[in-house]
Amino acid sequence: MTDNTPPDEFEDINKVVSDEWESTTTPYERVRHVIAHTYSPASADTVAEDARTSPKTARKHLNTLADEGFVVTATGEHGGTAYQRSPESLVVEQAADILEHVSTDELVTRIAEMRDRLNDYRAEYGVDSPEEVTIEQTNQILSETDSGQSDIDAETLQDWQTTRRNLAFANAALSIANAERFVDGDLRTTDGSVPV
């Protein structure tokens, strides 16, 4: 025998999750969460809608986040203020994540490896950046000449760009680690010696 009674009506799962989020967080936390995941400028009204708060409350918290350096402001299309996450806060977050998962000594080793890889690319292609390689290749195509420089494939180009970006994040993480040691009164370098 089968039961043909229809199941209870399901609530809209998005509404349930949103209601729970709203009841377990403050407006500040919701505004910060929304702007942390907003990579293009957004109005306070847009952030307020996503954060389930009023535009006035969102604007207040966005201005606080701007004062803290987490958010940058710009003039929007219609003259109003637009908000977006600051690039610096992204770097700090990435650096903190690196420090959480990688020891300082391992970080120093990885930085040296990335520098070596970038130096290898510079030596092989005779330019300082992957952008210069693509400019050179474009110029060669337009003038139909060959300067003797090797063509760079998309995978190598992407690796060069990614390595350069990762090196910047790793250097930021190492700077933060060194600053923390300095602030904590430990002036030793990663090899145990005291800097002069």
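**Helices, sheet and rings**

Author: Start with two helices: the axes of helix α2 (residues 27–36) and helix α4 (residues 55–67) come within 9 Å and cross at roughly 65 degrees. Bear in mind that this is a predicted model.

Reader: How are α2 and α4 oriented to each other?

Author: Their axes cross at roughly 65 degrees. Angles of 65 to 115 degrees count as roughly perpendicular. The orientation of α2 and α4 is therefore roughly perpendicular.

Reader: Is the crossing of α2 and α4 left-handed or right-handed, and which residues in α2 meet α4?

Author: The crossing of these two helices is right-handed. On the α4 side, the contact involves Thr57, Ala58, His61, Leu62, Thr64 and Leu65. By class, the contact of α2 with α4 has three polar, one charged and seven nonpolar residues. The residues in α2 that meet α4 are Pro27, Tyr28, Val31, Arg32 and Ile35.

Reader: At what angle do the axes of helix α3 and α4 cross, and what does that make their orientation?

Author: Helix α3 covers residues 44–51, and its axis comes within 8 Å of the axis of α4. The crossing angle is roughly 105 degrees. That makes α3, relative to α4, roughly perpendicular.

Reader: How many charged residues does the contact of α3 with α4 have?

Author: From α3, the contact uses Ala44, Asp45, Val47 and Ala48. From α4, it uses Pro55, Ala58, Arg59 and Leu62. Six residues of this contact are nonpolar and none is polar, and the number of charged residues is two.

Reader: How are helix α1 and α2 oriented to each other?

Author: Helix α1 (residues 13–24) and α2 have axes that come within 8 Å and cross at roughly 125 degrees. Roughly perpendicular ends at 115 degrees and roughly antiparallel begins over 145. α1 and α2 are therefore oblique.

Reader: Which residues of α1 make that contact?

Author: The partners in α2 are Glu29, Arg30, His33 and Val34. By class, the contact of α1 with α2 divides into two nonpolar, two polar and three charged residues. The residues of α1 are Trp21, Glu22 and Thr24.

Reader: Now the strands. In what order do the three strands form the sheet?

Author: Strand β1 (residues 42–43) is joined to strand β3 (residues 81–85) by two bridges, and the two run antiparallel. Strand β2 (residues 71–75) pairs with β3 over five bridges, also in the antiparallel sense. The sheet is open, and the order is β1-β3-β2.

Reader: Which strands stand at the edges?

Author: An edge strand here has a single partner strand, so one side of it is left without a neighbour in the sheet. The strands at the edges are β1 and β2.

Reader: Which residue in the turn between β2 and β3 has a positive phi?

Author: Along the pairing of these strands, Val71 stands opposite Arg85, and Thr75 stands opposite Thr81. β2 and β3 form a hairpin with five residues between them. The turn residue with a positive phi, about 90 degrees, is Gly79.

Reader: Which helix lies across β2 and β3?

Author: This helix runs at about 115 degrees to β2. The helix is α4.

Reader: How far apart in sequence are the parts that Tyr121 and Trp160 tie together?

Author: A search of the whole structure finds two aromatic pairs. One of them is Tyr121 with Trp160, stacked at 5.2 Å centre to centre with 20 degrees between the planes. Tyr121 lies in helix α6 (residues 104–125) and Trp160 in helix α8 (residues 154–183), so the parts tied together are apart in sequence by 39 residues.

Methods
Residues are numbered from 1 along each chain as its sequence is written. This is a predicted model: local features need pLDDT of at least 70, side-chain atom pairs count only at pLDDT 80 or more; totals for chains, interfaces and linings use all residues. Side-chain values use heavy atoms; hydrogens and water are left out. Axes are lines fitted to C-alpha atoms, for helices over the stretch in contact, and angles run from 0 to 180 degrees between N-to-C directions. Helices (H or I, at least four residues) and strands (E, at least two) are DSSP runs, numbered from the N terminus. Angles under 35 degrees count as roughly parallel, over 145 as roughly antiparallel, 65 to 115 as roughly perpendicular and the rest as oblique. A crossing is left-handed if the near helix is turned anticlockwise from the far one by less than a right angle, and right-handed if clockwise. Contact means heavy atoms within 4.5 Å. Ala, Val, Leu, Ile, Met, Phe, Trp, Tyr, Cys and Pro count as nonpolar, Asp, Glu, Lys and Arg as charged, and the others, Gly among them, as polar. Two strands pair if DSSP finds at least two bridges between them. Rings of Phe, Tyr and Trp (its six-membered ring) pair if their centres lie within 6.5 Å; planes under 30 degrees apart count as stacked, over 60 as edge-to-face and the rest as tilted.
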